[in-house]
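Subject: Structure handover and notes

Hello,

Please find the structure below, with my notes after it. Could you read them alongside the coordinates?

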Amino acid sequence: MVKVWYMDEDIVSDQRLEHHKSPPEYLSLEELFRKTGVEYYCLNIDTFETDGVLDKIKKERGYTYEDQITCSEKCLPNYAEKLKSFYTEHLHTDEEIRLVVEGSGYFDVRDSEDQWIRIAVFPGDLIIIPSGIYHRFTLDSNNYIRAKRFFIGEPVWLPYNRPADDMPCRKEYVEKMEKGFITVQ
Ligand SMILES: [Fe+2]
């Protein structure tokens, strides 16, 4: 089950460690959404392929493309380099949607005060990172994650490294953040 916390300021030690503040400062999923617009769904990892929950999300949000990626020391040549490149702060012109099927990892997102929020994801966690938000990814110390990726239409995975403040998707995101994210339910 997902866990969310504010990260410490330590940029020296391994990015795959938890990087908690002292004492730890956790956030609820509601706080995460309110601060960043990141959305979360909890799926049953044993039944999600047939129970209809994922199908409903896909239909409602218009996800027409789907594939699966595995990240591990074995799967990725130049693992150390790849880890560093995932961890480069960037944004996308579209949502980044991931459903963890196996293993675990960390998605880090910036809040409005530019603080890093760490989202630890596990099997059954589906997260939606909005277009225009600065973020990064890293594996954790288990060094293994298998995740489904979704997309509306033809997938575009292109990252734009920070600074990308003049991009229309960034401006739209900042505007939304200033107005405040509102729960639709
Ligand atoms: Fe990304």
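Predicted model: local features only at pLDDT ≥ 70, side-chain atom pairs only at ≥ 80, totals over all residues.

Residues are numbered from 1 along each chain as its sequence is written.

Sheet. Helices (H or I, at least four residues) and strands (E, at least two) are DSSP runs, numbered from the N terminus. Two strands count as paired if DSSP finds at least two bridges between them. An open, antiparallel sheet is built from five strands in the order 2-8-5-10-3. Strand 2 (39-42) and strand 3 (65-72) are at its edges with a single partner strand each, so one side of each has no neighbour in the sheet. Neighbouring strands are turned by 25° against each other on average, direction ignored; the axes behind this angle are lines fitted to C-alpha atoms, for helices over the stretch in contact, and angles run from 0 to 180 degrees between N-to-C directions. Four antiparallel bridges link strand 2 to strand 8 (residues 125-129), and Glu39 has Ile128 as its bridge partner in strand 8.

Annotated site. An unreviewed UniProt entry carries a "binding site" annotation on His90, His92, Glu96 and His135. These residues span 46 residues in sequence, but no two of their C-alpha atoms are more than 11.6 Å apart, so they gather at one spot. UniProt positions are given in the numbering used here, feature names are shortened, and annotations may be inferred rather than shown by experiment.

For burial, I count other C-beta atoms, placed from the backbone, within 10 Å of a residue's own: 20 or more is buried, 12 or fewer exposed, and in between partly exposed. His92, in the loop between strand 4 (90-91) and strand 5 (96-103), is buried with 20 such atoms. Glu96 lies in strand 5 and is buried with 22. Contact means C-beta atoms, placed from the backbone, within 7 Å. Neighbours within four places in sequence aside, His92 is in contact with Ser131, Leu158 and Pro159.

Core. A nonpolar core is a set of buried Ala, Val, Leu, Ile, Met, Phe, Trp, Tyr and Cys residues joined through C-beta atoms within 7 Å. The largest one has 26 residues, of which Val38, Phe107, Val109, Ile119, Ile127 and Ile129 touch the most other members. Its largest share, four residues, is supplied by strand 8.

Helix 1. Leu32, Lys35 and Thr36 are buried in helix 1 (residues 29-36). Viewed down the helix axis, the buried residues fall within an arc of 75°, so they line one face; the arc is that of the directions from the helix axis to the C-beta atoms. They pack against strand 1 (3-6), strand 6 and strand 7.

Backbone. Two cis peptide bonds may be worth a look: Ser22 to Pro23, with omega near -5°, and Arg162 to Pro163, with omega about 10°. Asp114 is not a glycine but has a positive phi of about 70°; this residue sits in the loop between strand 6 and strand 7 and is exposed, with 7 other C-beta atoms within 10 Å. Asn143, also not a glycine, has a positive phi near 55° and is partly exposed, with 17 C-beta neighbours.

Regards

Notes:
Contact = placed C-beta atoms within 7 Å.
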